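Subject: Handing over a structure

Dear colleague,

I am passing this structure on to you, and below it I have set down what was found in it. Please read the notes with the structure open beside them.

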Amino acid sequence: MDLILSPEHEASRSLAAEFVAREVTPHAAEWDRREAVDQSIIKRLGDLGFLGLTIPEELGGSGGDHLTYCLVLEELGRGDSSVRGIVSVSLGLVAKTIAAHGSDTQRASWLPRLCDGTALGCFALTEPGTGSDAANLETRAVRDGDHWLLTGTKLFITNGTWADVALVFARTGGPGPRGVTAFLVETDTPGLTRREVHGKLGLRGQATAELTFDGVRVGDTARVGPEGHGFKIAMSTLDKGRMSLAAGCVGLAQACLDAAVRYAGERTQFGKPIAGHQLVQRHLAQIAVDVAAARLLVWRVADLVDRGQPFGTEASMAKLFASEAAVRAADRALQVFGGYGYIDEYPVGKYLRDARVTTLYEGTSEIQQLLIGRALTGVTAF
Ligand code: COS
C-alpha cells in the first residue's frame with residue numbers, strides 16, 4: 001500500500017475539505033445549539049457525490065474506492081460529526097447493504113435516490129432492550145400471505161425522523177441470530193411512528209429517533225436477502241460501518257489538534273504563548289500521535305476492503321482505537337484551552353460531547369475488544 005495519496009485521492013480529500021470549510025464548520029455551533037443540522041445539507045452531500053461513494057455508477061452511485069470514502073468521511077468528521085453521521089448511516093449502512101444484498105427492484109428504486117440525496121436511509125437494529133446483544137432483538141415480523149406485519153420498537157436510530165426508508169431487522173423465526181430477517185420499510189407506511197430523542201450529550205445536530213412499528217404491513221418484496229439471514233447482513237454491514245465511523249473519529253481528533261495548536265499559539269500565560277510551555281506541547285504531541293496512528297489503522301482497513309480481503313478484525317481495531325483516540329484528543333484539547341474550553345465560544349466542548357458517543361455506537365469498545373479477542377484466541381467470551 002502506498003501511504004502517499006494519489007492525485008485522485010488528494011482531489012477528493014480537498015473537495016470534501018473545501019465543502020466542509022465553506023458549508024459545515026461555520027454553522028456547526030448553531031446546529032448544535034438548535035439540535036438540528038440544516039436539512040438542505042443532505043442534498044448538498046448528494047450533489048457532491050458523497051452519498052454515493054463506492055456504489056457503482058451503473059447503480060446510481062459515484063463510484064470510488066474505500067480509501068476515497070474514508071478520506072471524505074474524515075473531512076466531514078473534522079467539520080461536524082452530525083453531518084458525518086448522516087453519510088455513515090444513509091450510505092454506509094443502508095445504500096451499501098441494498099447494493100450488496102438487495103433485489104434488482106430494491107436497487108433500482110432506492111439507490112439513485114439515496115445516492116443523490118433526494119432520499120435518506122436509517123438503520124433500525126438497536127432496540128430498547130437489545131444494544132450489544134443484537135442477536136436477541138425482539139421486533140417481530142409475522143407472515144400474512146405474501147406480506148409481513150412488523151411489530152416492535154427501535155431506539156437510538158440515526159437519521160430516524162428524517163429518513164425515507166428504514167432498513168429494519170426483525171425476528172421471523174426462532175430465538176437467536178438465525179431467526180432474524182432484514183426488511184426495507186418506507187417510513188410513511190401506516191403503523192410506523194417516529195419520535196425524536198432529545199437531550200443527547202452530543203451529536204445534537206443529528207436526528208436520532210425511536211421508531212415504533214404497530215402492525216406495519218410490507219410486501220415480501222421488501223425483504224432484503226433470504227429469511228433468517230438478517231443478522232449476518234447486519235453484522236457484515238457493521239464491519240464496514242465501523243471503518244467509516246473510525247474515519248470520522250480521525251477527523252474529529254484532527255479538528256481537536258488543529259484547534260489546540262491554534263489556541264496554544266494565541267494564548268499567553270507566564271509572559272509567553274502557552275505553545276512554549278513543555279506540558280502543553282506534550283498534550284499536542286499526544287493528540288498528534290493518536291491522530292496519525294488512528295488514520296493508519298483506518299487506511300489499512302480501506303486497503304483490505306478494496307483488495308477484497310477479510311477486514312472485520314482490522315475494522316474492530318480501527319474503530320476501537322480511533323473512537324477512544326477521539327475522546328482522548330477532545331479531552332486533551334479542552335485541557336489546553338483551560339476554562340475557555342468549557343464554554344461554547346470555542347468548539348472543543350462540542351468535540352468532547354460528540355466524541356463521547358463513538359465508543360458506544362456501532363459496537364461498544366467492549367464489543368470490539370471481545371471480537372478482537374475472539375479472533376486472536378478462537379474462543380467466544382460473550
Ligand atoms: N459478518 C458476517 N456474518 C457474521 C459476522 C460478520 N461480521 N459476525 C457474525 N456473523 C454470523 C456468524 O458466522 C454466525 O453465523 P452461523 O449462525 O451461520 O454460524 C451468526 O452470524 C451469529 O454470530 P455470533 O455467534 O458471533 O453472534 P453472537 O450473538 O454471539 O454475537 C456480537 C455477535 C456480539 C459480535 C454482535 O451481536 C455484535 O456485534 N453486537 C454489537 C451490535 C452493534 O454493533 N450494535 C450497534 C448497532 S448500530 S448503532
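Before the annotated spans come up, one point about UniProt: its positions are given here in the numbering used for this chain, its feature names are shortened, and its annotations may be inferred rather than shown by experiment. Please also keep in mind throughout that this is a predicted model.

With that said, the UniProt record, an unreviewed entry, places the feature "domain: Acyl-CoA dehydrogenase/oxidase N-terminal" at residues 6-117.

Taken as a whole, the protein has 11 helices and 10 strands. Its radius of gyration is 21 Å, close to the 21 Å that the globule rule gives for 382 residues, so the protein is as compact as a globular protein of that length. Along the principal axes, its C-alpha atoms fill a box of roughly 80 × 45 × 40 Å, and buried residues make up 53% of the 382 residues.

The largest pocket has a volume of about 1300 Å³, and 48 residues line it, with Thr126, Leu360, Tyr361, Glu362 and Gly363 lying nearest its centre. Two or more lining residues come from each of α5 (81-101), β3 (147-158), α7 (230-266), α9 (312-337), α10 (348-356) and α11 (365-377), and the largest share, six residues, is that of α7. Sorted by class, this lining holds 22 nonpolar, 16 polar and 10 charged residues.

The second largest pocket holds about 670 Å³ of space. It is lined by 29 residues, and those closest to its centre are Ala28, Tyr346, Pro347, Lys350 and Tyr351. The elements that contribute two or more residues to this lining are α1 (7-23), α2 (28-34), α4 (66-79), α7 and α10, and α10 supplies the largest share, five residues. By class, the lining of the second largest pocket divides into 14 nonpolar, four polar and 11 charged residues. It also draws on two parts of the chain, since at least three of its residues come from each of domain 1 (7-120) and domain 3 (235-377).

Two residues deserve a look for their backbone angles. Most residues other than glycine have a negative phi. Thr54, although it is not a glycine, has a positive phi of about 75 degrees, and Phe156, also not a glycine, has a positive phi of about 60 degrees. Thr54 is found in the loop between α3 (40-47) and α4, whereas Phe156 has its place in strand β3.

Gly117 lies in the loop between α6 (104-116) and β1 (121-124), and it is buried, with a relative accessible area of 10%. Although Gly117 and Ile42 are 75 residues apart along the chain, their C-alpha atoms are separated by 5.6 Å. Leu297, in turn, sits in helix α8 (residues 278-306) and is partly exposed, with a relative accessible area of 22%. Leu297 and Gly251 are 46 residues apart in sequence, and in space they are 13 Å apart, C-alpha to C-alpha.

With best wishes

Key:
Residues numbered from 1 in each chain as written. Predicted model: local features only at pLDDT ≥ 70, side-chain atom pairs only at ≥ 80, totals over all residues. Heavy atoms only, no water. 1 Å grid on protein atoms, 1.4 Å probe; cavity = no way out; pocket = protein on both sides within 12 Å on 5 of 7 lines; lining within 4 Å. Points joined across faces, edges and corners; volume = space filled by probe spheres on them. Helix = DSSP H or I, 4+ residues; strand = E, 2+ residues; numbered from the N terminus. Nonpolar A, V, L, I, M, F, W, Y, C, P; charged D, E, K, R; others polar. Domains from an automatic or database assignment. Rg over C-alpha atoms; globule rule 2.2 N^0.38 Å. Buried < 20%, exposed > 50% of the residue type's maximum accessible area, 1.4 Å probe, protein only.
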